[in-house]
Amino acid sequence: MEVSKEKNLVIDGKHQKPIVVDTIFKDDGKAKPIVIFCHGYKGFKDWGAWERMGEVFAENDFFFVKFNFSHNGTGPDHLTEFLNIEAFGDNNYVKELDDLQSVIDWLLLPDFKFAQQIDATNLSLIGHSRGGGITLIKAAEDKRIGKLLTYASVSDFGSRFPEGKKLEAWEKKGVQYIVNARTGQQLPHHYQFYKNYKENKERLSIKKAAKKLEIPHLIAHGSSDTSV
């Protein structure tokens with residue numbers, strides 16, 4: 001049986017930006033385990049191999065879901081381009097955790113469009129790179145999550161921020177920029193990103209979350225990964 005796809009469904013998040021979602025599954029009316037995939041930093045749901053990965057999961061009788069974080073810089077009308085650069089600058093880890101929560105809650109609503117196709121008691125998360133840290137923290141917080149897979153995951157959020165004079169300059173200016181190697185764009189990070197991390201430092205400790213995990217966790221990591 002070929003897999004069915006519902007592409008670019010738009011759901012409301014908690015932060016005034018849409019969350020764009022894809023579902024991939026066999027339309028056979030059977031309840032299937034759910035797999036939710038979270039992309040990484042400067043990533044998006046339609047990047048690289050993620051579509052094919054979703055098809056493989058669906059072919060093997062999973063209900064696969066992938067989505068764009070609401071503030072990743074894309075939008076419903078430009079799914080693979082970072083045109084919402086102010087939204088990108090306003091993103092932070094807590095917003096991504098909230099977005100993932102919104103996707104989980106949407107899937108498990110009693111009137112979910114494909115409720116007959118899912119096993120609401122069998123939910124797994126996959127996270128790539130920064131998304132690995134997000135899924136790990138959420139898996140430690142939410143008892144509905146039964147399994148976790150992290151692909152090339154980051155192990156710490158705090159160490160990725162600048163220190164000393166660079167941090168002072170960021171605070172003074174209110175914004176710093178990073179080059180998107182794929183497009184050459186200068187993408188902003190507003191200082192709220194760091195402030196939000198500091199205010200939620202305990203919650204955003206990947207190490208502490210990992211110690212709390214009581215579910216199976218598959219860690220996949222390439223030995224030649226130069227980014228993580």
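Q: Is strand E8 mostly covered or open, and how many of its residues are buried?
A: Strand E8, residues 186–190, is mostly covered, with four of its five residues buried. Buried means under 20% relative accessible area, exposed means over 50%, and partly exposed is in between (1.4 Å probe, protein chains only). Strands (E, at least two residues) and helices (H or I, at least four) are DSSP runs, numbered from the N terminus.

Q: Before we go on, what kind of model is this?
A: It's a predicted model: local features need pLDDT of at least 70, side-chain atom pairs count only at pLDDT 80 or more, and totals for chains, interfaces and linings use all residues. Residues are numbered from 1 along each chain as its sequence is written, and side-chain values use heavy atoms, with hydrogens and water left out.

Q: Ok, back to the strands. How many bridges join E7 to E8?
A: Five bridges join E7 (residues 175–179) to E8, and the two run antiparallel. Strands pair if DSSP finds at least two bridges between them. Val179 stands opposite Gln186 in E8.

Q: And what's in the turn of that hairpin?
A: Six residues lie between E7 and E8, and Gly184 in the turn has a positive phi of about 80°.

Q: New topic: where does Ser102 lie?
A: Ser102 lies in helix H3, residues 93–107. Ser102 has a relative accessible area of 9%, so it counts as buried.

Q: What is it in contact with, sequence neighbours within four places aside?
A: Ser102 is in contact with Ile11, Asp12, Gly13, Lys14 and Ile19. Contact means heavy atoms within 4.5 Å.

Q: What about Val94, buried or exposed?
A: Val94 is found in helix H3 too. Val94 is buried because its relative accessibility is 13%. Not counting residues up to four places away in sequence, Val94 touches Asn196, Asn200, Arg203 and Leu204. Val94 and Tyr197 are 103 residues apart in sequence, yet 8.0 Å apart in space, C-alpha to C-alpha.

Q: Zooming out, how many helices and strands are there?
A: Seven helices and nine strands. Of the protein's 228 residues, 50% count as buried.

Q: And what share of contacts links residues 24 or more positions apart?
A: They account for 70% of the contacts with a separation of 6 or more.

Q: Last one: what box do the C-alpha atoms fill?
A: Roughly 60 × 40 × 35 Å, taken along the principal axes.
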